[in-house]
Amino acid sequence: MKMQKYTAPDMRSALRKVRSEHGPDALILWTRRTAGVVELTVATDPEAVANAEILTQAARAAGADTVAIPVRSVSRPVAVPPAIIPPAVAGSAAIDSELKSLRHLLETQLAALAWNDLTRRAPVKASLMREFASLGLDRELGASLLESVTSDDELDRARQQVLTAFSGRLLTIDDRWTTRGGVLSLVGSPGSGKSSAVAGIAARWVLRNGPNGAVLVSAGDPRFGAFEQLARLGRLLGIPTYQVEEIEALPALLTRLGEQRLVLVDTGATGSRSDDPSVEERNFATLRSIGSIAAVLPATLQATAARQIAARYARSGVTACIATRLDEAASLGGLLSAVISAALPLVYVTDGTRLPDDLRPARSDELVALAVALQERHGNAADEDLLVSRLEGRLHVAS
Ligand SMILES: Nc1nc2c(ncn2[C@@H]2O[C@H](COP(=O)(O)OP(=O)(O)OP(=O)(O)O)[C@@H](O)[C@H]2O)c(=O)[nH]1
Ligand SMILES: [Mg+2]
């Protein structure tokens, strides 16, 4: 195996030297930093690839920073080599698992290298990444917000740029249902705040237009008391209330009711009545056929759950969402990342159940300000390991 050492004052110049002599396929076996000098040991032949694991262990024992990375990986955006051992070697489960752990090791080490590099060369971006992690933003959103930073020398200005970009990414739609009316069905998991949001929207309608022209419908919720709860609200606001046991009976009810200005449909919890996805699909198709669907998403949802739920609703034809329980959330990053990633516009937010004040039209700048305020109040400082793991497999090493 042919090995060669290169030294340079920094990683970038060291890589440039290697690339100019060996092209992009040279394999970095290990790197070491000593007294302001970066030392790269590279190999240029296939044998090195096959022995990468042994070299990895030896290099680690010798205190090297990172090992066995093709030069081209360090110079391109997606940094992790697809597999450093040729596919012909793979086969048995043991080798596969060995390959997986090796790949993971490489990803981690490469990410650590990239993170060190980023904190040194672009400290403002590195600080912002720390802030994103503590805001609870997912890494795709964090990475794309960083692209809006035009100046890498002033933290406050760069922070302002990313917050403006963040606010711009949050879609909102106007409060059309309490101004112009329409048919709006609310869906959401059990206890997400559907009935409370219906109450809030209905109360806003009455304040603005009086009770005329509005109806409330309870659909697909056979629980004892579900209709009574809605009927009590209707009596309070002077709005007629109806019930259908199955969502598929809604079109016939609307035909019977004739022209209405505002129809608010409070549905039974989505997914709780049937595990049969075809029933769920039919219900969504019915709701789409009569008007718009808004998903009710509590801000207290765990980030991954929020992302999955928002994506599922977007696929089902939901076109708006209502963020509830803002008063109980310790972080808004998960919810806001989820709606941005699903391209779901927010229409209302709720932060309590007092009528009608606690339901308001959603405003992206207010939500971003609240997300930042919650981070300042409850945010945990993101530790270095978390930040490194957020870089795995995707960092632009050469920014
Ligand atoms: N703190 C707080 N509580 C809320 C909010 N929205 C709803 N709630 C409370 O959450 C509980 C459930 O709210 P509902 O409106 O009944 O939720 P739902 O989605 O209709 O529930 P199901 O019909 O049982 O699926 C109630 O106790 C509400 O008072 C909110 O924004 N903040
Ligand atoms: Mg309810």
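This is a predicted model: local features need pLDDT of at least 70, side-chain atom pairs count only at pLDDT 80 or more; totals for chains, interfaces and linings use all residues.

Mentor: Residues are numbered from 1 along each chain as its sequence is written, and chains are lettered from A and ligands numbered from 1 in the order in which they are written.

Trainee: How many helices and strands does the protein have?
Mentor: There are 17 helices and twelve strands. Helices (H or I, at least four residues) and strands (E, at least two) are DSSP runs, numbered from the N terminus.

Trainee: What percentage of the residues count as buried?
Mentor: Of 399 residues, 40% are buried, that is, with 20 or more other C-beta atoms within 10 Å of their own, the C-beta atoms being placed from the backbone.

Trainee: Now the ligand. Which residues come nearest to ligand 1?
Mentor: G193, K194, S195, S196 and T350 come nearest, out of 17 residues around ligand 1. A residue counts here if its C-beta atom, placed from the backbone, lies within 6 Å of the molecule.

Trainee: And which element gives the largest share of that shell?
Mentor: Helix 10 does, with three residues. By class, the shell holds two nonpolar, ten polar and five charged residues. Ala, Val, Leu, Ile, Met, Phe, Trp, Tyr, Cys and Pro count as nonpolar, Asp, Glu, Lys and Arg as charged, and the others, Gly among them, as polar.

Trainee: At what angle do helix 10 and helix 11 pack?
Mentor: Helix 10 (residues 194-209) and helix 11 (residues 226-237) pack at about 15°, their axes 11 Å apart. Axes are lines fitted to C-alpha atoms over the stretch in contact, and angles run from 0 to 180 degrees between N-to-C directions. The two helices are therefore roughly parallel, a term for angles under 35 degrees.

Trainee: Which residues make that contact?
Mentor: S195, A199, A202, A203 and V206 of helix 10 make it with Q229, L230, L233 and L237 of helix 11. Residues are in contact if their C-beta atoms, placed from the backbone, lie within 7 Å. Seven of the contact residues are nonpolar, two polar and none charged.

Trainee: What about helix 6 and helix 8: what is their angle?
Mentor: Helix 6 (residues 123-135) and helix 8 (residues 155-169) pack at about 50°, with axes 10 Å apart. V124, S127 and L128 in helix 6 meet L155, A158, R159 and V162 in helix 8. That contact divides into five nonpolar residues, one polar and one charged.

Definitions and conventions
Angles under 35 degrees count as roughly parallel, over 145 as roughly antiparallel, 65 to 115 as roughly perpendicular and the rest as oblique. Two residues are in contact if their C-beta atoms, placed from the backbone, lie within 7 Å. A residue is buried if 20 or more other C-beta atoms lie within 10 Å of its own, exposed if 12 or fewer, and partly exposed in between; C-beta atoms are placed from the backbone.
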